[in-house]
Every structure is written in C-alpha cells, then in structure tokens.
Amino acid sequence: NNKSSSILFASKYLSLHNKTRRTIFSISIATSTVFNSGLSGILITFDLDKYNLALCVINSGGSHADLTDDYSAIKYEMCSVANSLGKDFLGDLNPDEFFKAIPQIREKVGDRAILRAIHFYMECERATSIRNAIEKEDVEGFLSKIIEGGHSSFEYNQNAHNGKDESYQPVSLALCMAQNLLQGKRGAWRLQGGGFAGTIQCFVDKDILEDFVDKMEKVFSNGSCQVLSIRNYGGIKVNENI
C-alpha cells in the first residue's frame with residue numbers, strides 16, 4: 001500500500017536444485033515506521049539447511065488472466081479506509097486511530113475493506129516479528145508467524161479465491177492440503193504473491209519432504225511442487241564461473 005512499517009520480501013532470484021543443495025533464504029526488510037516515508041533496508045541471511053527445512057513452492061494452477069479487477073480492489077478498498085480518515089494510504093494512518101474509527105467508517109467503506117485494512121496493519125507487525133525471530137534464530141517463532149500471516153491473508157485479505165467460480169478453488173485446496181500435511185509437524189504454509197491463482201509456499205521439515213512432495217503432486221500434477229534454493233547475492237551477471 002505504498003508505505004508500510006516493515007516490508008518483507010524474499011529475493012526473486014531463485015536457483016533450483018543447485019549443486020550444493022544449500023538453501024540460503026535472503027530477506028530484505030524495510031524497517032521504517034508507518035509515520036516515516038523513508039525506508040531503510042536490512043539484509044538478513046537465513047540458512048534453512050541449518051534447521052533441516054526446505055522451501056517448497058506449489059503451483060496450484062489457475063489463470064491470472066482475468067484477475068486485474070480483483071487485485072485492484074485490494075488497493076482500492078485499503079485506500080478507501082485511509083481516505084475516509086483523511087489520509088491517502090493506510091501507511092499514513094496511525095493504526096490506533098484506524099481501530100478506534102471502525103464503528104464510524106464501517107458502513108461507508110464496507111466490512112471487507114475493514115478486514116483488509118486490519119490485515120495490512122497486522123502483516124506489517126508480523127514482518128518485524130519475523131525479522132526478530134530470524135535474528136534470534138527462533139525458527140519455531142518464524143514458522144508460527146508465517147502460518148499466522150497465511151491465515152490472515154486467507155481470512156482477512158481474502159485473496160485465496162475471488163468467488164467467481166465456487167467449484168474451482170485451487171489455491172484454497174492447496175492451502176488446505178498443506179495444512180493437513182504439516183500441522184503439528186515442523187513446517188509452515190501460506191499463500192504467496194497476489195493470490196487468487198498460482199502458487200503457495202511451504203516450509204517443510206526435510207524428514208517428511210519426500211512424502212509431502214509426493215502427496216501434493218498427486219493432487220496438483222507432477223512437477224507442481226518445486227523445492228527451491230535461494231541464493232544470497234541477488235541479481236548478478238552470470239558467466240562460465242557462476
């Protein structure tokens with residue numbers, strides 16, 4: 001939403017099945033407050049192999065071709081909440097002021113806009129919590145926040161399914177399958193990207209990785225579950241030595 005307290009994103013430069021099989025999870029986190037328009041970056045290196053974890057991305061299927069309106073509605077609704085309180089973006093608005101104003105603005109902006117705004121503020125706090133967990137090597141705390149954010153995305157931001165075809169809900173099914181396979185074990189699952197179609201991400205204990213991949217691919221086709229390695233140096237020129 002243009003400005004946020006903490007913006008968490010993994011490097012998009014993925015190296016699949018590299019020679020060393022080491023998974024370096026590089027995370028860049030912007031840590032300015034919601035009242036500050038400037039963003040500063042912190043690079044944190046998180047070696048999933050050290051904790052016997054693998055990062056999987058599961059392609060649930062579905063097309064993004066007709067989803068422009070759904071994506072636009074998320075920003076529009078969040079901005080409508082901010083606008084109703086005299087601001088351009090939620091990042092310009094004190095969260096306490098927003099929560100106090102819910103009874104007054106609910107009828108004007110609608111419940112879904114309120115829920116999406118709540119997701120925005122909670123996700124900003126989670127990004128900071130995830131950073132802190134990684135710095136402290138609190139892997140269980142990291143995994144719990146990934147799961148918590150995934151539920152918030154599904155339930156509050158509501159970008160797992162757009163309701164146009166109730167009989168076809170691939171992202172919702174993928175999340176349900178992942179939860180069934182990972183809940184109570186060392187792992188986490190959540191929607192990734194803009195949602196409504198495409199992929200989810202899962203952190204999976206390597207002791208159950210083979211079984212996890214097998215069961216997910218039986219539902220979503222061979223090759224739909226990719227085990228990723230993320231290099232820790234971002235975009236670089238590739239030559240014969242690298």
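These are my notebook entries on a predicted model of one protein chain.

**Ground rules**

I number residues from 1 along each chain as its sequence is written, and side-chain values use heavy atoms, with hydrogens and water left out.

**Entry: the chain overall**

I looked up the elements first. The protein chain has six helices and eight strands. I take helices (H or I, at least four residues) and strands (E, at least two) as DSSP runs, numbered from the N terminus. Along the sequence I read β-β-β-β-β-α-α-α-α-α-β-β-α-β.

Next came burial. I call a residue buried under 20% relative accessible area, exposed over 50%, and partly exposed in between (1.4 Å probe, protein chains only). Of the 242 residues, 46% count as buried. The chain exposes about 12700 Å², and carbon and sulfur atoms supply 50% of that area. Those areas come from the Shrake-Rupley method with a 1.4 Å probe; for residues, only the protein chains shown count as cover.

I then checked contacts, meaning heavy atoms within 4.5 Å. Among contacts between residues at least 6 apart in sequence, 68% join residues at least 24 apart.

**Entry: confidence**

I used pLDDT, the predictor's confidence in each residue, from 0 to 100. The chain averages 84, and 81% of the residues score at least 70.

**Entry: helix H6**

The expected span of a helix is 1.5 Å times one less than its number of residues. H6 (residues 209-220) has twelve residues and should therefore span 16 Å; its end C-alpha atoms are 16 Å apart, which agrees.

I listed its buried residues: Leu209, Phe212, Val213, Met216, Glu217 and Phe220. An α-helix has 3.6 residues a turn, so residues three or four places apart point the same way.

On the other side of H6, Glu210 and Lys218 are exposed. The buried residues pack against strand S5 (53-59), helix H5 (170-182), strand S7 (199-205) and strand S8 (225-230).

**Entry: the loop after H6**

I followed the chain out of H6. Ser221 comes after the helix and sits in the loop between H6 and S8. Ser221 has a positive phi of about 90 degrees, although it is not a glycine. Its relative accessible area is 43%, so Ser221 is partly exposed.

Ser224 lies in that loop between H6 and S8 too. Is Ser224 buried or exposed? At 5% relative accessibility, Ser224 counts as buried. Leaving aside neighbours within four places in sequence, Ser224 is in contact with Val57, Ile58, Asn59, Met216 and Glu217.

**Entry: strand S8 and its partner**

I went on to S8. Five of its six residues are buried, so S8 is largely enclosed by the rest of the structure. S5 and S8 run antiparallel and are joined by four bridges. I count two strands as paired if DSSP finds at least two bridges between them. Leu55 stands opposite Leu228 in S8.

**Entry: helix H3 and Glu137**

I ran the span check on H3 as well. H3 has 25 residues and reaches 36 Å from first C-alpha to last, close to the 36 Å expected at 1.5 Å a residue. Glu137 follows H3, in the loop between helix H3 (111-135) and helix H4 (139-157). Glu137 has a positive phi of about 55 degrees although it is not a glycine. At 45% relative accessibility, Glu137 counts as partly exposed.

I looked up Ser172, in helix H5. At 11% relative accessibility, Ser172 counts as buried. Beyond neighbours within four places in sequence, Ser172 is in contact with Phe154, Ala160 and His161.

Last, I checked Gln104, in helix H2 (residues 95-109). Gln104 counts as exposed, at 59% relative accessibility. The C-alpha atoms of Gln104 and Ser84 are separated by 9.7 Å, and the two residues are 20 apart along the chain.

Technical notes. This is a predicted model: local features need pLDDT of at least 70, side-chain atom pairs count only at pLDDT 80 or more; totals for chains, interfaces and linings use all residues.
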